[in-house]
Amino acid sequence: MKALRFYAPEDVRLEDVPEPECGPREVKIKVRNCSTCGTDVKIFHNGHQNLSPPRTIGHEIAGEVVEVGAEVESAFGTSWTPGDRVQVIAAVPCGECHECRKGWMAVCENQTSVGYQYDGGFAEYMLVPEQVLKVDGLNRIPEGVGFDEASAAEPFACAINAQELLGIEEGDTLVVFGAGPIGCMHIRIARGVHKVGKVVLVDVNAERLQMSADAVQPDEVINGAEVDVVERVMELTGGRGADVVITATAANVTQEQAIAMAARNGRISFFGGLPKTNPTITCDSNVVHYRQLHIHGANGSAPEHNKRALEYIATGQVPVKDLITERIPLERALEAFDIVKSGKAIKVTVEP
């Protein structure tokens with residue numbers, strides 16, 4: 001079968017590899033969609049400390065069951081049949097550490113990941129390992145939800161995790177930095193689930209900002225390359241500032257701007273991680289202190305967030321299909337990384 005294999009930074013090859021054999025505690029799927037994200041681009045250029053090459057990458061996965069290991073039902077209490085449509089979690093908690101026992105599976109200290117420690121979805125077939133099945137991380141795709149939409153449930157789950165930490169209230173003013181797919185998903189969730197009020201979308205790439213604004217219809221767009229973002233948000237809010245700010249981009253300045261524009265009792269999510277070579281920001285601690293700001297990190301998701309994402313898609317609360325603007329066959333998978341990096345599409349999916 002064909003698979004996209006990572007060997008070293010900027011050495012990623014589409015090659016023929018043996019089709020994997022299903023073990024007694026594994027489920028084998030035919031991959032129908034594996035979508036791409038900024039993390040894939042980072043892996044391509046820089047690798048990752050948890051990724052052991054050679055490795056088939058890709059972690060936003062939906063497919064069809066083709067084989068079920070003999071011990072799966074008895075070991076994990078789940079029954080699967082060839083033909084079942086499924087979505088696979090990416091972040092795999094251990095289920096046993098202090099954090100997992102507390103219900104904080106998104107920050108499991110022993111977390112492993114599909115596409116890092118286990119072969120991922122940029123391939124015609126893949127194995128769902130027992131570590132995923134153990135934590136109920138293989139999900140049935142609801143009726144009416146396409147494989148393409150289901151593959152978007154993984155990044156969607158990460159956004160759900162971030163937003164449930166923020167205590168968003170109906171009518172809150174929301175600012176989202178980053179007009180990529182995750183920024184668009186944040187806006188859709190905030191509106192569809194939390195019923196926020198005014199929504200402002202910020203980016204410095206005019207083309208991407210326009211494309212995403214056309215899709216998710218924010219109340220205001222701000223091109224950060226042209227205007228003072230903090231000043232403009234203050235104008236839009238009558239000088240009060242934003243109730244909720246989500247920085248869905250890997251830019252230091254956006255985190256600093258988020259603190260400066262937050263209203264009293266404002267909630268901020270540092271959703272996008274910063275480059276390891278430049279991970280610090282300047283923070284006016286008195287602003288945080290006197291405005292009583294709440295600053296949250298957000299990283300990944302738990303298995304339950306993936307299930308909730310599929311439910312929101314199925315009910316139409318949070319549509320995602322229109323955010324998938326580019327579809328690419330596996331043979332051209334490397335092109336997907338260039339498209340993601342350029343920002344010329346919202347969401348790019350690979351269809352093996």
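Phenylalanine 337 is buried, with a relative accessible area of 3%. Phenylalanine 44 is buried too, at 18%. Here, buried means under 20% relative accessible area, exposed over 50%, and partly exposed in between (1.4 Å probe, protein chains only).

This is a predicted model: local features need pLDDT of at least 70, side-chain atom pairs count only at pLDDT 80 or more, and totals for chains, interfaces and linings use all residues. Residues are numbered from 1 along each chain as its sequence is written, and side-chain values use heavy atoms, with hydrogens and water left out.

**Aromatic rings**

A search of the whole structure finds three aromatic pairs. Rings of Phe, Tyr and Trp (its six-membered ring) pair if their centres lie within 6.5 Å; planes under 30 degrees apart count as stacked, over 60 as edge-to-face, the rest as tilted. The ring centres of phenylalanine 44 and phenylalanine 337 are 5.8 Å apart and their planes stand at 65°, so this pair is edge-to-face. It links distant parts of the chain: phenylalanine 44 sits in helix 1 (residues 38–46) and phenylalanine 337 in helix 13 (residues 333–342), 293 residues apart. Helices (H or I, at least four residues) and strands (E, at least two) are DSSP runs, numbered from the N terminus. Ring pairs join Phe44, Phe122 and Phe337 into a cluster.

Charges also sit over rings. The criterion is NZ of Lys or CZ of Arg within 6 Å of the ring centre and within 35 degrees of the ring normal.

| Charged residue | Ring | Distance to ring centre |
|---|---|---|
| Lysine 30 | Tyrosine 125 | 5.1 Å |
| Arginine 85 | Phenylalanine 147 | 5.1 Å |

**Helix 8**

Helix 8 (residues 206–216) has the buried residues Leu209, Ser212, Ala213 and Val216. They cover an arc of only 105° around the axis, which puts them on the same side of helix 8. The arc is taken from the directions from the helix axis to the C-beta atoms. These buried residues pack against helix 7 (181–192), strand 12 (199–203) and strand 13 (220–223); contact means heavy atoms within 4.5 Å. At the start of helix 8, a side-chain oxygen of asparagine 205 comes to within 3.1 Å of the backbone nitrogen of glutamate 207. Glutamine 217 follows helix 8, and its phi is positive, near 55°.

Three strands form an open sheet in the order 2-1-4, with antiparallel pairing. Strand 2 (11–16) and strand 4 (55–56) stand at the edges with a single partner strand each, so one side of each is left without a neighbour in the sheet. Two strands pair if DSSP finds at least two bridges between them. Two bridges join strand 1 (residues 2–8) to strand 4. Arginine 5 has threonine 56 of strand 4 as its bridge partner.

Terms used
Polar contact = N/O pair within 3.5 Å; in protein donor to acceptor, adjacent residues only side chain to side chain.
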